[in-house]
Amino acid sequence: MLKTLENFLEWGGVKKDVTCLILSGIALLASLLDVELFHINPAWIAIILCGVPIILEAVIGLVTRFDIKADVLVSLALIASVIIGEIFAAGEVAFIMQLGALLEDLTVAKARAGIEKLVHLTPRTARRIFGGKEEIIPAEQVQAGDILRVLPGETIPVDGIILSGQTSVDQAVMTGESIPVDKGAGDSVSSGTVNQFGSFDMRATKVGDDSSIQRMIRLVQSVDAGKAKIVGIADRWATWIVVIALSAAGLTWLISGEIIRAVTILVVFCPCALVLATPTAIMAAIGNATKHGFLVREGDALERLASVTKITFDKTGTLTYGTPRVTAVKSFSKEWTDEELFRLTACAEQRSEHPLGKAIVESYKNQYSDELPALARFQMIPGQGVSAEAGEYEILAGNPELLQADQITLPEDMRAAAAAYLENGSTVTYVAVSKTAVGFIALSDTLRQDAPDTAERIRDTGAAPVLLTGDNEKAAGYMAGQLGIREIHANCLPEDKLRYIEEFQNSGEMVCMIGDGINDAPALKKACVGIAMGGIGSDIAVDAADIALINDKISELPHLLLLAKRMMLTIKCNLTFSMTLNFIAIVLAITGVLNPVVGALVHNAGSVIVIVNSAFLLGWKKKDHN
């Protein structure tokens, strides 16, 4: 029976609630104007549509869980008002309470699609080498020790060690790194990462539930359950409110002998303004956040954000643009200027599919308008670089192994200069022309222009920025130095980021995680508040987060932090006002000054004032915020 009632209450959702509120509002207006419907007070419509669900919720909570919430006191006031014939007062209380409940429901989003998308990333097949032959089998049938072959463009099915072959692997799904990593015999590879160019054979080491992608799926599934939800203050204090209300009403009835005074106390004790205090402020703040490019996916996310003491950032795609760019061109040959070396390298890379090669060509075209000459020959060497011919020149562009394979020696001054860029986390492409090393091009993922100012303004809000990145220590340290971030954790896998956040939170810190990649999803869920970059970020990261920054404009983050704090101040003002109003109304009800109808109108006025105060948040912006 109770299960049937619960299903009935959940049926129809928000559309049903809005329809009921509209009809109830019209009915209450008609009742106020003394318009009757078939000789019946129209306020009964509000009681039936808005009041009955409240009473049913109170009964179900009491019977099944002995859970005393604000709806218990509301139910008592409704029933008492109806018994003594104050139909309008009962309808008005029911309407106000359901309006507060609707606003609260509208601020809560519980849809989660991220885990399903993560599951789709799991490779379904694998190429197993067995008895000298290649066979395609379901990925879940791969056993530790099996020899697998992975072709260019394929997703690596399980964790393993490369036995033969050279390639570059896109590890963004696991580490967030923007640049593919060159791999060769003896190097480890992870499931879910993507083989970019060369084919290779590997030995499976971790399969099934032990593989990297499956571990990350389990992390995302497990951490959400541990995130506590904030309980509404009216429900938190409901037991005491009910006890005090019943005691005050009973004593007043006994002393005065007037039941109408007791009913009035129950009506004015109804926490209408108290219930509206929080959701109205949250909705107004969400409206403000939306205008600044934030999609707030969890209603209580801003409440949690107001208490944050640490902001943990992923680096790639969050503080940086997420794509490599040419940062330096250095020629060490008198025959070639820096510009000529840049043009020659871009010419050699114009057919390359490697992100570094594409970045060199794009950077050149953005800087210079001339056309690149056609190539007579082009060869891509997986894990090393490219070999090409343009006119009379034979060009090699890639890592030191590429030049060494052609017996080309790198001069010491070139190595020393390149080392300085490598120390800053850059990637270096060495260039040789006609069997002679002539220079190099340095590429790196560059900081967003507004990142340094954003980091400084975040510190001004009282939160400490922390860098959690899958990149190497040099790249992380260099970027953190430019941002003034003192706490750095590099080489982080998804479980590492999760562990650091858990350690912070166990030590009493309230943590906000900001990231964009699939590898950030577990951390985004584990953190007190997760904010995903909605523009360039993965769908899985957005689904795992409480808030999405749609336009990737991180300069708006300080505004969001300050808005959350302002929202909490507004909520506290609303609560103080509503409780003060309740206290005054109770005194007046005990002395007989207020009757149930006037008491309901006082509550109505209080609710309107709370809503108006919350509405100021819609356009709020700190004066010195740019």
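Me: Where is Val267 found?
Reply: Val267 is found in helix 11, residues 259-269. A helix here is a DSSP run of H or I with at least four residues, a strand is a run of E with at least two, and both are numbered from the N terminus. Heads-up: this is a predicted model, with local features needing pLDDT of at least 70 and side-chain atom pairs counting only at pLDDT 80 or more, while totals for chains, interfaces and linings use all residues. Residues are numbered from 1 along each chain as its sequence is written, and side-chain values use heavy atoms, leaving out hydrogens and water.

Me: Why is Val267 called buried?
Reply: Buried means under 20% relative accessible area, exposed means over 50%, and partly exposed is in between (1.4 Å probe, protein chains only). Val267 has 1% relative accessibility, so Val267 counts as buried.

Me: What makes Arg149 and Asp201 a salt bridge?
Reply: The term needs a side-chain nitrogen of Lys or Arg within 4 Å of a carboxyl oxygen of Asp or Glu. Here the N to O distance is 2.8 Å, so the pair passes the cut-off of 4 Å. Arg149 lies in strand 3 (residues 147-150) and Asp201 in strand 9 (residues 200-206), so the pair ties together parts that are 52 residues apart in sequence.

Me: Are those two partners buried or partly exposed?
Reply: One of each. Arg149 has 30% relative accessibility, so Arg149 counts as partly exposed. Asp201 comes in at 16%, which means that Asp201 counts as buried.

Me: Which residues are linked with this pair in a network of salt bridges?
Reply: Arg127, Glu134 and Glu154 join Arg149 and Asp201 in that network. In total, the structure holds 18 salt bridges. Another one is formed by Arg128 and Glu135, whose closest N and O atoms are 2.8 Å apart. At 28% relative accessibility, Glu135 counts as partly exposed.

Me: How do you know that Glu503 and Arg499 form a salt bridge?
Reply: Their closest N and O atoms are 3.6 Å apart, so they too fall within 4 Å. They sit 4 residues apart in helix 20 (residues 494-506), so about one helical turn separates them. Glu503, at 41% relative accessibility, counts as partly exposed, and so does Arg499, at 36%.

Me: What covers the buried residues of helix 15?
Reply: Those buried residues include Leu356, Ile360 and Tyr364. Their cover includes strand 12 (320-331), helix 14 (338-349), strand 16 (427-433) and strand 17 (436-447). In helix 14 itself, buried residues include Leu341, Phe342 and Glu349.

Me: Why does Asn288 count as buried?
Reply: Asn288 has 0% relative accessibility, so it counts as buried. Asn288 lies in helix 12 (residues 272-291). Not counting residues up to four places away in sequence, Asn288 touches His559, Leu563, Leu617, Leu618, Gly619 and Trp620, where contact means heavy atoms within 4.5 Å. The side chain of Asn288 also reaches the backbone oxygen of Trp620 at 2.7 Å.

Me: Which residues touch the most other members of the largest nonpolar core?
Reply: Leu305, Ile311, Ile547 and Met567 do, out of 84 residues in that core. A nonpolar core is a set of buried Ala, Val, Leu, Ile, Met, Phe, Trp, Tyr and Cys residues joined through side-chain atoms within 4.5 Å. Helix 23 (residues 557-590) gives the largest share of this core, 13 residues. Leaving aside neighbours within four places in sequence, Leu305 has contacts that include Cys512, Val529 and Ile547. Another core lies apart from this one and has 23 residues, among them Val329, Ala346, Cys347 and Ala388.

Me: How many helices and strands does the chain have?
Reply: It has 24 helices and 22 strands. Buried residues make up 52% of the 626 residues in the chain.

Terms used
Polar contact = N/O pair within 3.5 Å; in protein donor to acceptor, adjacent residues only side chain to side chain.
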